[in-house]
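Please look over the sequence and structure below before reading on. The text then takes the parts in turn.

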Amino acid sequence: MLQIRWHGRGGQGVVTAARIFGRAAAIYGGKYAQSFPYFGTERRGAPVTAFTRLSEQPIRDRSQVYEPDCVVVLDETLLESVDVLQGLRPGGILVLNGSRTNHQGLKFKLPENTAFYQIEVTSLAQEILGVPIVNTAMVSVLAAVTSWVPWEAIKKAIQDILPSHLVEKNLRLAEEAFHRALALRQVASSQGGEGEPNSKSKGNLHLPADNLQPNLPTPHLVARTGSWRIQRPVIDPWKCNDCLICWLFCPEGSIRRGESCTSIDLTYCKGCGICARECPRQAIHMVDEALISQGEGERLAGIS
Amino acid sequence: MREYLNGNEAVAHAVRLARAEVVAAYPITPQSTIVEEIAAQIARGEMEAEYIRVESEHAALAACFGAAVSGSRVFTATSSQGLAYMFEMLHYVSGARIPMVMAVANRGLAAPWTIWADHQDSVSCRDTGWIQLYVETAQEALDTCLQAYKIAEDPRVLTPVMLCLDGYVLSHTEEILDIPSQEDVDRFLPPYRPQVLVDTRRPVVFGVGAGPDIYPSFKKAQQEAMERAKEVIKRVDEEFYAFFGRRYGGLVEEYRCHDAEVVLVTLGAITGTAREVVDSLRREGAKVGVLRLRALRPFPVEDLRESVKSARVVAVLDRNCSFGYEGVVCTEVKAALFGLKQPPSVIGFVAGLGGQDIRKENIEGIFRSCFNSDV
């Protein structure tokens, strides 16, 4: 049995990715497959997890996947809020979409003998689809680096599952991503020894029934919805006159009324952009989170 | 046709194949995609049916009631709070002996609010006079939906069927299944021909008032129909097997129970995980088995007694709780075994409430604690 865990955000097609891979294996790849989402109560932008199981025998196990053989991450900004390595088996595979080279020592946390592949397909998706949706690209990347499912099977499953008007563009994207991934070298094949990244899964045998823990993507009773954000509002203090129109419109109550200047509570701001749209002085700009963490935020927001 | 679908889509295909003519439903997670898919099939012209959008679940079942007494095969689906909202109509439908099928994508009940799976919603409707069948796979959801129409419409039964599938664990999980052809289904399931229907030329009344003199006779008839349903459920499962090559044990499905010292009784999808555990414990030499109750109503007393006759301990895994007592299935099992000369001891486990994942380790722990118990 091979178990794959997919990480992405609501709206990025994570659940569809898990399904395309499963369908390709089950209908065109001669295997048994099972795919399922783990939905939270969240919406667009929230971390979403989905799973695919592949096997030569019928699959009866219906518990969640705790020790995946492979983890696919569709959005590198998730690394800051989600432990994507949780339970990853030694000798497993990590496939990451992103361009950043240093993810706070991600390489040092990898379980023993992890094959780590990193590729950047968001710009490719933007170019071909016009939107940063990378699910078909990442399914293809996984097919290229693992050979678990024949490439032709993936293409047929994409055709079956996507609405007809999206098929042609996505097949072009998938084709390009697949061929780029074939040339991909492992970023690192860790030898282990650094820490115990999958220790969370190890102590779990023979759990008493009252200790069961569902695999929650976010602890939603105390949801820090700021982790859902892929764009951040940045206020230009030179333009803002504290009129508080943004405060009136913010659906999350994330605008703070300060002594000197209005500010944003980034713990809860989901990055919906309503404040930027409603600001009468265009003092708020939406900036990609991925760029902000590289210290580019103010320049990109045009603030001098 | 070999397909890769989730449980909800499987049910939607079954409803199309059963040629349901009226579908009235109100959306609720995790059921919604069943009726969304049905609506899409009607819109694409693949299914000939009237889809009625209603303002509530209570209205959905009322609309189905009306359509059914005028001679239509009907379908609806719901979950959790929606089923709770239907409660009044559940009794109306079963009391008036309307044969219909309703899918329940099982979900826990608020508060605290949840969208995830447990059986509290349908188990709370145990006494509403509906037949309740719980399924283990998407394939079984499809197959049982077809069987359910045949069971409900059998003149000896005339009782509605609740088709229960675990929310998400079945409703949103894709797997391989076979979709039978329309021709084969038509041969298995003939058109609905009610014996009595609302007709302006020959007026009849459904849901009439009944005084203390005759009310009990209606209820006695319902109880007798439920008893007869036991045989009909088994027979329909065998007929289905003759047509399609798949069967599910009728009222109960045994897995390695014949010589088992410990038998775990389950409902629904968790049985698959339990089978894995049974196989691994059997490899260690432990005599364990799983007994899946496919029917909760009518309750399979005789089949249950037969299946656990070698058992020293019967464990019951309940994804529900009757607060102030224990898991409902546990109580049912105890009652069914009462009066046997040497009954096995029964130990109840409540787990998996509100979507809490039940892992292989947990089920293994249940078996081990039963072996270690002094009872």
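The model is predicted, so local features need pLDDT of at least 70 and side-chain atom pairs count only at pLDDT 80 or more, while totals for chains, interfaces and linings use all residues. Residues are numbered from 1 along each chain as its sequence is written, chains are lettered from A and ligands numbered from 1 in the order in which they are written, and side-chain values use heavy atoms, with hydrogens and water left out.

Chain B gives 36 residues to the contact and chain A gives 31 residues, where contact means heavy atoms within 4.5 Å. The two chains bury about 3100 Å² between them, 51% of it on carbon and sulfur atoms; buried area is the accessible area (1.4 Å probe) that two parts lose on being put together, summed over both.

Between chain B and chain A there are seven salt bridges, each a side-chain nitrogen of Lys or Arg within 4 Å of a carboxyl oxygen of Asp or Glu. Arg19(A) forms a salt bridge with Glu174(B), with the closest N and O atoms 3.3 Å apart. On the side of chain B that touches chain A, β1 (2–6), β8 (174–178), α10 (270–283) and α13 (360–372) of chain B each supply at least two residues. Helices (H or I, at least four residues) and strands (E, at least two) are DSSP runs, numbered from the N terminus.

Strand β2 (residues 32–38) of chain A is joined to β8(B) by two bridges, and the strands run antiparallel. Two strands pair if DSSP finds at least two bridges between them. Here Gln34(A) stands opposite Glu175(B) in β8(B).

Within chain B, an open sheet of seven strands has the order β3-β2-β4-β5-β7-β6-β12, with mixed pairing. At the edges stand β3 (50–53) and β12 (295–297) of chain B, each with a single partner strand, so one side of each has no neighbour in the sheet. From one strand to the next, the twist averages 20 degrees; axes are lines fitted to C-alpha atoms, for helices over the stretch in contact, and angles run from 0 to 180 degrees between N-to-C directions.

Strand β2 (residues 22–25) of chain B pairs with strand β4 (residues 74–78) of chain B in the parallel sense over two bridges, and Val23(B) stands opposite Phe75(B) in β4(B). Helix α1 (residues 7–17) of chain B packs on the sheet, touching β2, β4, β5 (101–106) and β7 (161–166) of chain B, and its direction makes about 155 degrees with that of β7(B).
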